[in-house]
Amino acid sequence: MDQGIASYTNLARCYTFPMAEGRSRTLLWVLIGGGAFFLFVLAVFTLVYLALHATGGGTGIGGFGDRIGVVDLEGVILSPQPVVDQLKKFGDDSSIKAIILHVNSPGGGVAASEEIYREVKRVRSEKKKKIVVSIETVGASGAFYVASASDKIFADQGSIVGSIGVIAQWVNYGDLLKWAKLKDVVIKTGEFKDTGNPARDLTPAEQAYMQSLIDNMFGQFIKAVADGRGLKYDDVKSIANGKVWTGEQAKEMKLIDSIGDFEATVADTAKSVGISGEPTLVRPEKDRRTLLDLLTGDLSRYIPSREKLMEQQVGFYYLWK
């Protein structure tokens, strides 16, 4: 009897051992398979993330070769940044087939406009990257200066285009000082050192000096437009009187290439660089707002803008006012 029980016990043990071993192997394979699947999913999400953020963000997921970078040129141009950096980044990204410069600006500082203009030309020539401009509401003065460096310019029929010219403007408060019985004291090293002093009128020599500077900048503007648009210098000069025109008028004057909105610009640009179907539009990431920003709210309307401050100092501008 005892031998029978012992035999049965040994048989049960022999049967239990392979079953336990089988379950362990199954669990091991489940763990291995699950881990491999997790790593696969992680790799896919990593690739997608890198694809979307390689150039600073995107509006969709698409093929790596079907991407068009979009750079916004908005408001008064007081600095070449961040536009120049964004153009450089898209220019260096081999997955970006073309760049659309989305313009809604009346222009701005002479030097700032020229720096963006030069970067557009550099990316086109060195990186062999197509750059197309889409003018929304306004593409005037310095903004048009920049646009003239592109491969192609689109604008809506009612867009404001042009204003080829230079302006320097400030407030003369000399009479106010006299009324308040205040005196402006200036110690200088040369006749022209305080040219543009808002406390007094310009002398005839200063007037001629300032005009010579503006004329030189004006000539640079005309040449840039003539070179970029494939027009004769004298033909551009004949219309460079500070006027603006509608997109429809600008096309007749060969200042733009086509009438069309942003969507038309995207479709035409995609086709021109061999993208079939809907391209992926890639935009630089916007600055993230901090918790402090959310708590304090938008105080910008209570703080003098750079545009307002600009009006209080002497400067030279490609600006439509």
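At 7% relative accessibility, E119 counts as buried, where buried means under 20% relative accessible area, exposed over 50% and partly exposed in between (1.4 Å probe, protein chains only). E119 forms a salt bridge with R122, and the closest N and O atoms are 2.7 Å apart. A salt bridge here is a side-chain nitrogen of Lys or Arg within 4 Å of a carboxyl oxygen of Asp or Glu. R122 is partly exposed, at 23% relative accessible area. The two residues are three apart in helix 3, so about one helical turn separates E119 from R122.

This is a predicted model, in which local features need pLDDT of at least 70, side-chain atom pairs count only at pLDDT 80 or more, and totals for chains, interfaces and linings use all residues. Residues are numbered from 1 along each chain as its sequence is written, and side-chain values use heavy atoms, with hydrogens and water left out.

## The chain as a whole

The chain has eleven helices and ten strands; helices (H or I, at least four residues) and strands (E, at least two) are DSSP runs, numbered from the N terminus. Of the 321 residues, 36% are buried. The accessible surface comes to about 19600 Å², and carbon and sulfur atoms account for 59% of that surface. Accessible areas come from the Shrake-Rupley method with a 1.4 Å probe; for residues, only the protein chains shown count as cover.

## Helix 2 beside helix 3

Two packed helices are described by the angle between their axes and the distance between the axes. For helix 2 (residues 83–92) and helix 3 (residues 110–126), the axes come within 9 Å and cross at roughly 5°. The axes are lines fitted to C-alpha atoms, for helices over the stretch in contact, and angles run from 0 to 180 degrees between N-to-C directions. Helix 2 and helix 3 are therefore roughly parallel, a label for angles under 35 degrees. The contact (heavy atoms within 4.5 Å) involves residues including V84 and L87 of helix 2 and E119 and R122 of helix 3.

## Other salt bridges

Side chains of opposite charge can pair when their charged atoms come close. The structure holds twelve salt bridges. One of them joins D268 and K152, at 3.2 Å from N to O. This pair links distant parts of the chain, with D268 in helix 9 (residues 262–272) and K152 in strand 5 (residues 152–155), 116 residues apart. D268 is partly exposed at 29%, and K152 is partly exposed at 21%.

D194 and K188 also meet in a salt bridge, at 2.8 Å from N to O. Salt bridges that share partners join K188, D194, R200 and E206 into one network. D194 is buried, with a relative accessible area of 13%, while K188 is partly exposed at 38%.

## Loops and backbone angles

The peptide bond from Q81 to P82 is cis, with omega near 5°. P82 lies in the loop between strand 1 (67–74) and helix 2.

K128 lies in the loop between helix 3 and strand 4 (130–140) and is exposed, at 68% relative accessibility. S141 lies in the loop between strand 4 and helix 4 (142–147) and is buried, with a relative accessible area of 0%.

How values were computed. Angles under 35 degrees count as roughly parallel, over 145 as roughly antiparallel, 65 to 115 as roughly perpendicular and the rest as oblique.
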